[in-house]
Amino acid sequence: MSAILIGGLDRLKRKYEAEAAKRGVNLKVFTGKENAVAKHLGKTDMVILFTDKVSHKARRQAASLAKSRNIPLAQTHSSSVSSLGRVLADCRISP
C-alpha cells in the first residue's frame, strides 16, 4: 500500500516513514515546503493530512484532489508520529 502525508515536521520525516514502513506502507512525505503537491500525488491508496501544519488553501486542494480521484483522505490535527500510527491503525493497517 502507498500513502501520501501532507504536513508534519521536517525533523520527524524519517520517523513518519519508519512508522509507516512498520505497517507495510510506502509513505511519501510533503512537509509543506514543496509547491504544487498535487502533481506529485501520482497513484496512491490514501492521503493523510496533518491540518495543524498546512494552510487552509493546501488542505482544500488536497481534499478536492483526493475526492476527485476517489482516494481516501484522513485528517488529523496533530502532527505526531503516534497520530500517524493511529490513522494507519484506523485504516486497519497494523504492524
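This is a predicted model: local features need pLDDT of at least 70, side-chain atom pairs count only at pLDDT 80 or more; totals for chains, interfaces and linings use all residues.

Trainee: What makes Lys22 exposed?

Mentor: The cut-off for exposed is over 50%. Lys22 has 56% relative accessibility, so Lys22 is called exposed.

Trainee: Is Glu19 buried or exposed, and how do you know?

Mentor: The relative accessible area of Glu19 is 12%. Buried means under 20%, therefore Glu19 is buried. Arg23 is buried as well.

Trainee: Why is the contact between Glu19 and Lys22 called a salt bridge?

Mentor: The closest N and O atoms of Glu19 and Lys22 are 3.2 Å apart. The definition asks for a Lys or Arg side-chain nitrogen within 4 Å of a carboxyl oxygen of Asp or Glu, so the pair qualifies. Both residues lie in helix H1 (residues 13–22), three residues apart, about one turn of the helix.

Trainee: What links Glu19, Lys22 and Arg23?

Mentor: They are linked in a network of salt bridges. Glu19 also meets Arg23 in a salt bridge, at 3.2 Å from N to O. A search of the whole structure finds two salt bridges.

Trainee: How do you know that strands S1 and S2 pair?

Mentor: Strand S1 (residues 2–6) and S2 share five bridges in the parallel sense. Pairing requires at least two bridges, so these strands pair. In S2, Lys28 is the bridge partner of Ile4.

Technical notes. Residues are numbered from 1 along each chain as its sequence is written. Side-chain values use heavy atoms; hydrogens and water are left out. Helices (H or I, at least four residues) and strands (E, at least two) are DSSP runs, numbered from the N terminus. Buried means under 20% relative accessible area, exposed over 50%, partly exposed in between (1.4 Å probe, protein chains only).
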